[in-house]
Amino acid sequence: KNAGEWKDELRALKKQARQDESDRILNEEKCREMEKTLAVAQSETQRAQGDEKRIQARITYLRRDINALLSEGSAKELRSHEIRLRKTEDGIKEKNARIEQTKERLHELELRRERIRGEAQGLEKQAEEFVQFEKEWKQKKVRADKLLDFYHAADYEQLRAVIYERWEKVVVDLFRKREKIRHERTVEKQLDQFQPMVTDEALLKIMDHIRRCHGVTCILGSDYLAGLKPQERQELLGRIPYLPCAIIVQEGFSQIREDHILESGDYGENVYPIIGLDMVLGDNVYDKDAHVLFLTKNKALFYDEVTVAQWRRQLESGLAQGEKDARRLEDTGKTYMADAQYLGEFMVNYHEKYMARLGEAGKNRERQAALKQENAELDLAMEECKTLSETLNRELCALQEQKEVLVREIQVLKELTGLEDDLSEAGSRYEKNE
């Protein structure tokens, strides 16, 4: 080989040597890069293994708090838990609503029981009042029944009529007795003037008519006798025995005879003679042998002091007995009045009210029995409400506990789902860098 060839070959070798050096350098650079990449991959692999262990440990730890097998995965179990949570929440709402309904029902029952209790207390008070009233009625009835026996009456209405009838008779008898006493006291006073007869109202009415309508002077026969001496009275009464109850007119007798008003007047049951003064002063003598007899008070009372004294004693004795009889009649009348008042008060304030309240008492007892039965039913209903409320509260507590568990497990399941995704990603990194 010549030098040129050697030079060419040397240049070629040098060139090849330079190329090989460049390739070596490049290869070394590549090796360093690959070593660096391998180191990073190994580091990432180790880190991925660490993440897998850490995540798996956390998953294992969390799964202990989950009351489920998780055979189909955490994500599906999470959806199942969320569905159960919604159902549980719906159950809680339903239990709360039923608890509120039970409370309202219990409140209504309590209000009804209070109303029943108030009505029962009112009825009990009425019953006690009726018992007391019945006791008083029985006490009052004892005397009322004695009055029935005493007056021989069949019932209280008849008894009231009998008592009133007897009281009315006593009042009339007492009035007559008092009138008689008043009359006899007047007679007693007039005896001093030898006037044993009391002028009645009808006689005075007739005399007043004669004076007003006829302008005639007139005088009572008894007053005319009082102006005479005893002997003259005796003689005049012998001629005119009816003179004490007559009216003496001075003149105008014929005019008075024609007075139709006087003739048709109502003067009671007595007869009132009207005579002229001329007849009194004349010699007209009463025919004692004729078949006519005039009966008046003892004529001697108009002129004889002894007869007047005897009559006065009789009057005093009669007045004393009359006063005694009047007091007895007053006492009897007061007794009848007291009996009538007692009977009236008994009938109005006790007997009639008792008859009315007796029916009310029967209705009261029936109502009390009904309220007692209703109260027993209310007690039973309230006890059932309380039992139901306790059951609902227990069920509510169970649902609330279940909700708490589900909420807690859902949180865990959410974390598990994220961890499972992280574990899958770590596995992918491991496989990628292994």
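Predicted model: local features only at pLDDT ≥ 70, side-chain atom pairs only at ≥ 80, totals over all residues.
The protein chain has 434 residues, and 32% of them count as buried. Its secondary structure consists of ten helices and three strands. Read along the sequence, these elements follow the pattern α-α-α-α-β-α-α-β-α-α-β-α-α. Contacts give another view of the fold. Take the contacts between residues at least 6 apart in sequence: 83% of these join residues at least 24 apart.

In soluble globular proteins, nonpolar side chains tend to be buried together. In this model the largest nonpolar core has 26 residues. Tyr151, Tyr156, Leu159, Ile163, Leu343 and Phe346 are the residues with the most contacts inside this core. Three helices each supply at least two of the core residues: H2 (74–151), H3 (156–190) and H10 (305–433). Of the elements that contribute, H10 gives the most, with eleven residues.

Leaving aside residues up to four places away in sequence, Leu159 touches Ala144, Leu147, Leu148, Tyr151, Ala153 and Leu343.

Aromatic rings come next. A pair of aromatic rings is described by the distance of the centres and the angle of the planes. The count in this model comes to five aromatic pairs. One of the pairs is formed by Tyr156 and Phe346, with 5.4 Å from centre to centre and 75° between the planes, and it is edge-to-face. Tyr156 lies in helix H3 and Phe346 in helix H10, so this pair ties together parts that are 190 residues apart in sequence. Are the two residues buried or exposed? Buried means under 20% relative accessible area. Tyr156 has 10% relative accessibility, so Tyr156 counts as buried. Phe346 has 2%, and therefore Phe346 also counts as buried.

A second pair, Tyr164 and Trp167, has a ring arrangement of another kind. The ring centres of Tyr164 and Trp167 are 5.7 Å apart and the planes are at 35°, so the pair is tilted. Both residues belong to helix H3, and because they are three residues apart there, about one helical turn separates them. Tyr164 is partly exposed, with a relative accessible area of 46%. Trp167 is partly exposed as well, at 25% relative accessibility. Aromatic residues also occur as a group: Phe150, Tyr151 and Tyr336 form one aromatic cluster.

The last stop is the second largest pocket, which has a volume of about 200 Å³. Ten residues line this pocket, and the closest to its centre are Ile256, Arg257, Leu262, Glu263 and Ile274. Which helices each supply at least two residues of the lining? These are helix H7 (253–257) and helix H8 (260–263). H7 gives the most to the lining, with three residues. By residue type, the lining divides into seven nonpolar residues, three charged ones and no polar ones.

How values were computed. Residues numbered from 1 in each chain as written. Heavy atoms only, no water. 1 Å grid on protein atoms, 1.4 Å probe; cavity = no way out; pocket = protein on both sides within 12 Å on 5 of 7 lines; lining within 4 Å. Points joined across faces, edges and corners; volume = space filled by probe spheres on them. Helix = DSSP H or I, 4+ residues; strand = E, 2+ residues; numbered from the N terminus. Nonpolar A, V, L, I, M, F, W, Y, C, P; charged D, E, K, R; others polar. Core = buried A, V, L, I, M, F, W, Y, C linked by side-chain atoms within 4.5 Å. Buried < 20%, exposed > 50% of the residue type's maximum accessible area, 1.4 Å probe, protein only. Contact = heavy atoms within 4.5 Å. Phe/Tyr/Trp six-rings, centres within 6.5 Å; stacked < 30°, edge-to-face > 60°.
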